[in-house]
Amino acid sequence: MARLILSLRGRELDKFLVGQGKVVIGRTPECDITIDNPAISRKHAAIEYKEEGYLLTDLGSSNGTFLNGEKITAPTILKPGDVVGLAKFELLFQDTPQSEVQKMVGGLESMESTMMVDAEKMAKAFQAVGGAAPAASGPRKLVVLKGEANIKELPVERDVVTIGKADTCDLIIKGFFLDKVEATLTQREGRYYLIPIGGSVKFNNEKLAKEQALKVGDTFTVGKTIVAFT
Amino acid sequence: MKVNYTALTDPGQVRDNNEDSYLTLPEHGLFVVADGMGGHKAGEVASALAVETLAEEARKLPPLNAKMPWWKRLFRRQPPPFNPVDWLHQTITRANARIFEAAQNSREQKGMGTTLALIFKRETAVLTAHVGDSRVYRYRNQELSQLTQDHSLAEEMVRRGVLTREEALYAAPSNVLTRALGVREEVAEDIIYHSVEPDDIFLLCSDGLYNMVDEKELARVLGRTGLSLKEKAFQMIEAANQGGGKDNITVVLAQFTN
């Protein structure tokens, strides 16, 4: 598996993934990679998967095919990082990390059955290819389980979320005896805290007097409304 | 609260047995799909064990529409607070232990496991719980949204920026899981709350459906007026079989109305 990044004068135009086949680059729409420019020949060059690697071939173009600045005279195997030049366009050749991951996770190409990957092996494989640390699984949100509020589901996107009767609150809860702001949900160092401000906030059926760290699945009540943190 | 639901399963065009299992317990607001894996038909055992454990535990709970006579309600003791998230976690842990133990005790069932995807109605919201790559979708206002994030190598690659989502559709291995029930001693399920609007349709399915049918097509089928849920489920399975039917296909549809 390889990736080709097409750019013109330093500006990225498109990205392509090349599998185990052949990719034809040229001016006409029949080509796999179409570059609509008069300096590009109708069928300009091809990149084909071979056992030894990806082979770059010039298909008899008028202006020639270049590899790292030099015009190629014979088919050449590409190395990761190579730049293929076609007139003013550039194609950067990259070996995708996916093949690296597959190699490390043990060549899992069986199409027949489902497999489970070893967690440690997978973590090591991702480290090797420089994959970013995974984002936390899904954004946090508040979901109203019972009672009335302005919306049923509120994604927690900001550092402070206000909950109360006032129109200016993020989560507006209906209730005659509720305060303008009954509570806030704040984020600190990756953890979420419910901070009671009014007197109608309950957690675990008890009136909440001081801030409470919330974990996914916890519920709290504001007046008669039950809200889940998920 | 009323539930309108349907469940259909089909072995597909390629496999000669069906290792998917499903459970519908409308009186408890619980719907489950499990896709088993393992040699020698052990997948059937694993997915059945998962579904049986959930059924057993759910039947111990009072039904959602339970009505107590007024005099009983006056004098009853405060019931212990029921936390559905804890209940799901404990039940899934039990299912994992049962499958893991059965796998240890049988040579043919060694290493067997199953995915799990379920919805559990609570008050005015719905909880999803899942392990693996079986999915829960919600169809609302002509849009289909995936409520669960797959525990698969493909999804992991997208999350870590190794592949984009479009690339992953055709470049990533499509059957490698990062989590499953019964394969290790511990299991880490994801449990999430979601809001419910009237007319929402929840779709639970194994990968045999979404790997063979485009999500746009699934949304189209769900949006067809005049069709019962059963007819919609049937059309989805048809579409999956026409697309190749390379795996077992299970579809559960549920709609909650007041």
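## Strand pairing between the chains

In this predicted model, Met115(A) lies opposite Val176(B), a residue of S9(B). The pairing to which strand S12 of chain A (residues 115-116) and S9(B) contribute is parallel and comprises two bridges.

## The contact between chains A and B

The contact draws 32 residues from chain A and 33 residues from chain B. On the side of chain B that touches chain A, at least two residues each are supplied by helix H4 (153-159), helix H5 (165-171), strand S9 (176-177) and strand S10 (190-195) of chain B. S10(B) gives the largest share of this side, with six residues. Sorted by class, the side of chain B that touches chain A holds 18 nonpolar, eight polar and seven charged residues.

## Overall form of chain B

Chain B contains twelve strands and eight helices. Its radius of gyration is 19 Å, close to the 18 Å that the globule rule gives for 258 residues, so chain B is as compact as a globular protein of that length. The C-alpha trace of chain B extends over about 60 × 50 × 35 Å along its principal axes.

Of the 258 residues in chain B, 51% count as buried. When contacts in chain B between residues at least 6 apart in sequence are considered, 71% of them join residues at least 24 apart.

## Nonpolar cores

The largest nonpolar core comprises 99 residues, and those with the most contacts inside it are Val32(B), Ala50(B), Leu118(B), Ile119(B), Leu127(B), Leu204(B) and Val251(B). Helix H1 of chain B (residues 42-59) provides the largest share of this core, eight residues. Leu118(B), one of the residues with the most contacts inside the core, is in contact with Leu30(B), Phe31(B), Val32(B), Leu54(B), Thr128(B) and Ala129(B), when its neighbours within four places in sequence are left aside.

Another core lies apart from this one and has 17 residues, including Ile25(A), Ile35(A), Leu78(A) and Leu91(A).

## A mixed sheet in chain A

In chain A, five strands make up an open sheet with mixed pairing, in the order S4-S3-S5-S6-S9. Strand S4 (33-34) and strand S9 (76-77) of chain A are the edge strands, each pairing on one side only. Within the sheet, strand S3 (residues 22-26) and strand S5 (residues 45-50) of chain A run antiparallel and are joined by four bridges. Ile25(A), which also belongs to the core of 17 residues, has Ala45(A) in S5(A) as its bridge partner.

## Positive phi in two loops

Glu189(A) is located in the loop that links strand S17 (183-188) to strand S18 (191-196) of chain A. Its phi is near 50°, a positive value in a residue other than glycine. Glu189(A) counts as exposed because it has 4 C-beta neighbours inside 10 Å.

In chain B, Asp199(B) occupies the loop between S10 and strand S11 (201-205). Phi of Asp199(B) is near 80°, again a positive value in a residue other than glycine. With 11 C-beta neighbours inside 10 Å, Asp199(B) counts as exposed.

## Confidence in chain A

Chain A has a mean pLDDT of 85, and 86% of its residues reach 70 or more. Residues 107-111 of chain A have pLDDT below 50, and this stretch has five contacts in the model beyond near neighbours in sequence. Where pLDDT is low, predicted coordinates should not be read in detail.

Methods:
Residues are numbered from 1 along each chain as its sequence is written. Chains are lettered from A and ligands numbered from 1 in the order in which they are written. This is a predicted model: local features need pLDDT of at least 70, side-chain atom pairs count only at pLDDT 80 or more; totals for chains, interfaces and linings use all residues. pLDDT is the predictor's confidence in each residue, from 0 to 100. Two residues are in contact if their C-beta atoms, placed from the backbone, lie within 7 Å. Ala, Val, Leu, Ile, Met, Phe, Trp, Tyr, Cys and Pro count as nonpolar, Asp, Glu, Lys and Arg as charged, and the others, Gly among them, as polar. Two strands pair if DSSP finds at least two bridges between them. The radius of gyration is taken over C-alpha atoms; the globule rule is 2.2 Å times the number of residues to the power 0.38. A residue is buried if 20 or more other C-beta atoms lie within 10 Å of its own, exposed if 12 or fewer, and partly exposed in between; C-beta atoms are placed from the backbone. A nonpolar core is a set of buried Ala, Val, Leu, Ile, Met, Phe, Trp, Tyr and Cys residues joined through C-beta atoms within 7 Å.
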